[in-house]
Amino acid sequence: MGSPDERAAVPVVASVSRLGTVYPSAQAAIALIKQIGIIPQWDQYWDRYFLYELREVSDGVASSSDRGAVLEDLGYGEAMYWPGPIAPIHALWNAITMPALVLRARQEIMPGFGFILPTAEAERFAATVPSARVVEIDANHYTITTHHDSIAAIGAFLRTS
């Protein structure tokens with residue numbers, strides 16, 4: 001949506017680096033994800049989430065997410081979202097005419113690593129796209145998906161759009 005903090009690339013690369021790796025067991029794969037630290041308060045939901053994402057392979061388990069596709073997305077992102085005021089993605093925002101909801105994580109992706117969507121980018125998007133609504137959620141890039149305020153914001157958006 002906008003240009004992320006450059007520091008945010010570190011945990012993103014760490015998360016992507018696990019894709020395509022074969023682990024001896026689901027427990028070993030999940031232990032590595034826990035060690036990365038992208039989920040600050042791990043619970044059974046995240047065990048189920050990451051277990052669901054694993055598939056059995058001949059020597060153990062691997063992520064079902066396609067590493068090549070994710071790297072392709074990262075390459076596109078690097079081309080469109082470079083830091084600064086003239087990132088190519090900004091030119092596309094003027095074409096958005098439909099209602100848009102942006103949930104912005106108020107917590108850094110990991111402490112000290114910045115934001116996938118910095119405040120300035122969210123504010124710029126809201127100023128450029130009159131139909132946009134930006135809602136800040138007290139979560140990080142990963143945990144925003146399960147935060148009760150996200151669910152409430154999506155529900156309100158769908159009821160009024």
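I began with the lining of the largest cavity and sorted its residues by class, which gave five nonpolar, one polar and one charged; here Ala, Val, Leu, Ile, Met, Phe, Trp, Tyr, Cys and Pro count as nonpolar, Asp, Glu, Lys and Arg as charged, and the others, Gly among them, as polar. The model is predicted, and local features need pLDDT of at least 70, side-chain atom pairs count only at pLDDT 80 or more, while totals for chains, interfaces and linings use all residues. I number residues from 1 along each chain as its sequence is written, and side-chain values use heavy atoms, with hydrogens and water left out.

The lining residues of this cavity are Arg-18, Tyr-23, Ala-29, Leu-32, Ile-33, Leu-54 and Ser-63. Helix H2 (residues 26-36) gives the largest share, three residues; helices (H or I, at least four residues) and strands (E, at least two) are DSSP runs, numbered from the N terminus. I noted a volume of about 40 Å³ for the largest cavity, and the structure holds one cavity of 30 Å³ or more. On a 1 Å grid over the protein atoms alone, a cavity is a set of points where a 1.4 Å probe fits but cannot get out, whereas a pocket is an open set with protein on both sides within 12 Å along at least five of seven lines, and lining residues have an atom within 4 Å of a point. Grid points are joined across faces, edges and corners, and a volume is the space filled by probe spheres set on the points.

Next I looked up the largest pocket, whose volume is about 1,300 Å³. Of its 42 lining residues, Pro-4, Val-12, Leu-74, Ile-116 and His-141 are the closest to its centre. I found 27 nonpolar, eight polar and seven charged residues in this lining. Helix H4 (67-80) is among the elements that supply at least two residues each, along with H1 (9-17), H3 (44-53) and S3, and the largest share, seven residues, comes from H4.

I then turned to the second largest pocket, with a volume of about 200 Å³. Its lining includes Tyr-45, Trp-46, Gln-107, Asp-138 and His-147, and by class it divides into four nonpolar, five polar and two charged.

Last, I checked S3 (residues 100-105), which pairs with S4 (residues 132-137) in the parallel sense over six bridges; two strands pair if DSSP finds at least two bridges between them. Arg-104 has Glu-136 in S4 as its bridge partner.
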